[in-house]
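User: Hi! I'm opening a new model, so please walk me through how it is packed.

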Amino acid sequence: MFFTVPTILTWTRIVAIPLIVGVFSVGLPHPVQNWVATIMFIAFALTDWLDGFLARRLNQTSAFGAFLDPVADKFLVCASLLVLVHLGRADVFVALIIIGREIAISALREWMAQIGASRSVAVHMLGKVKTTVQMVAIPFLLFDGQLFGVIDTGLWGRWLIWAAAILTVWSMVYYLRKALPEIRQRM
């Protein structure tokens with residue numbers, strides 16, 4: 001199941017990373033860079049929904065796809081955050097919070113799976129809300145201009161990325177609290 005349609009869509013999120021980074025390296029005018037990077041991020045982020053839909057619809061779900069999907073999401077988000085920090089559009093502290101949480105919760109989930117307690121740290125609605133806020137904030141920050149002549153995407157993006165950071169901490173605390181009984185039991 002390495003090369004099913006859903007898995008190929010998941011791979012595109014990983015392939016997108018050097019493309020999005022490269023947009024800011026090829027010498028295009030800044031407004032063009034912003035537009036291209038924003039459109040690319042949105043298109044690749046939509047593959048997250050599409051690959052899951054197709055996997056279920058085509059009956060092509062697999063353990064490999066279940067592993068690769070969140071990895072691809074985290075790579076795309078983390079790489080985009082690093083680009084935004086480099087461009088001065090996101091605070092390094094926000095990036096550290098979000099990236100650090102992703103590493104910590106991924107490690108926690110791996111450990112919980114090893115001890116047979118993965119259900120206690122299964123994806124929760126709070127994590128989904130956090131991801132949604134991130135996925136709106138990042139293209140706003142990549143665009144960094146006036147949308148429809150009225151929406152200051154840079155301003156909204158900064159507010160949303162800080163909201164995502166707060167939700168990130170909140171969801172991390174939630175998952176750690178759910179895992180705490182298992183952690184205490186093994187200490």
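Analyst: Let's start with a helix pair: helix 2 and helix 5 are roughly antiparallel to each other. Angles over 145 degrees get that label, while those under 35 count as roughly parallel, 65 to 115 as roughly perpendicular and the rest as oblique. Helices here are DSSP runs of H or I with at least four residues, strands are E runs of at least two, and both are numbered from the N terminus.

User: Thanks! What should I know about the source and the numbering?

Analyst: This is a predicted model, where local features need pLDDT of at least 70 and side-chain atom pairs count only at pLDDT 80 or more, though totals for chains, interfaces and linings use all residues. Residues are numbered from 1 along each chain as its sequence is written, and side-chain values use heavy atoms, with hydrogens and water left out.

User: OK, back to that pair. At what angle do the axes of helix 2 and helix 5 cross?

Analyst: They cross at roughly 160 degrees and come within 7 Å. The axes are lines fitted to C-alpha atoms over the stretch in contact, and angles run from 0 to 180 degrees between N-to-C directions.

User: Which residues of helix 2 and helix 5 meet?

Analyst: Helix 2 brings Asn34, Trp35, Ala37, Thr38, Phe41, Ile42 and Ala45, and these meet Met135, Ile138, Pro139, Leu142 and Phe143 of helix 5 (contact means heavy atoms within 4.5 Å). By class that gives ten nonpolar, two polar and no charged residues. Ala, Val, Leu, Ile, Met, Phe, Trp, Tyr, Cys and Pro count as nonpolar, Asp, Glu, Lys and Arg as charged, and the others, Gly among them, as polar.

User: And how do helix 4 and helix 6 pack?

Analyst: Their angle is about 25 degrees, with the axes 10 Å apart. That makes helix 4 roughly parallel to helix 6. Helix 4 passes helix 6 in a left-handed crossing.

User: How many residues of the largest nonpolar core are there?

Analyst: It has 34 residues, and those with the most contacts inside it are Phe41, Leu76, Leu81, Ile98, Ile138, Leu142 and Ile161. A nonpolar core is a set of buried Ala, Val, Leu, Ile, Met, Phe, Trp, Tyr and Cys residues joined through side-chain atoms within 4.5 Å. A second, separate core of seven residues includes Leu108, Val121, Tyr175 and Ala179.

User: Now arginine 13: does it count as buried or exposed?

Analyst: Arginine 13 counts as buried, at 1% relative accessibility. Buried means under 20% relative accessible area, exposed over 50%, and partly exposed in between, with a 1.4 Å probe and protein chains only. Arginine 13 sits in helix 1 and touches, among others, Asp48, Asp51, Asp69, Asp73 and Leu76, leaving out residues up to four places away in sequence.

User: Last topic, backbone: what is the phi of asparagine 59?

Analyst: Asparagine 59 has a positive phi of about 55 degrees, although it is not a glycine. Most residues other than glycine have a negative phi. Asparagine 59 lies in the loop between helix 2 and helix 3 and is exposed, with a relative accessible area of 66%.

User: And where is aspartate 144 found?

Analyst: Aspartate 144 is in the loop between helix 5 and strand 1 (146-147). Its phi is also positive, near 50 degrees, and at 32% relative accessibility aspartate 144 counts as partly exposed.

Methods: A crossing is left-handed if the near helix is turned anticlockwise from the far one by less than a right angle, and right-handed if clockwise.
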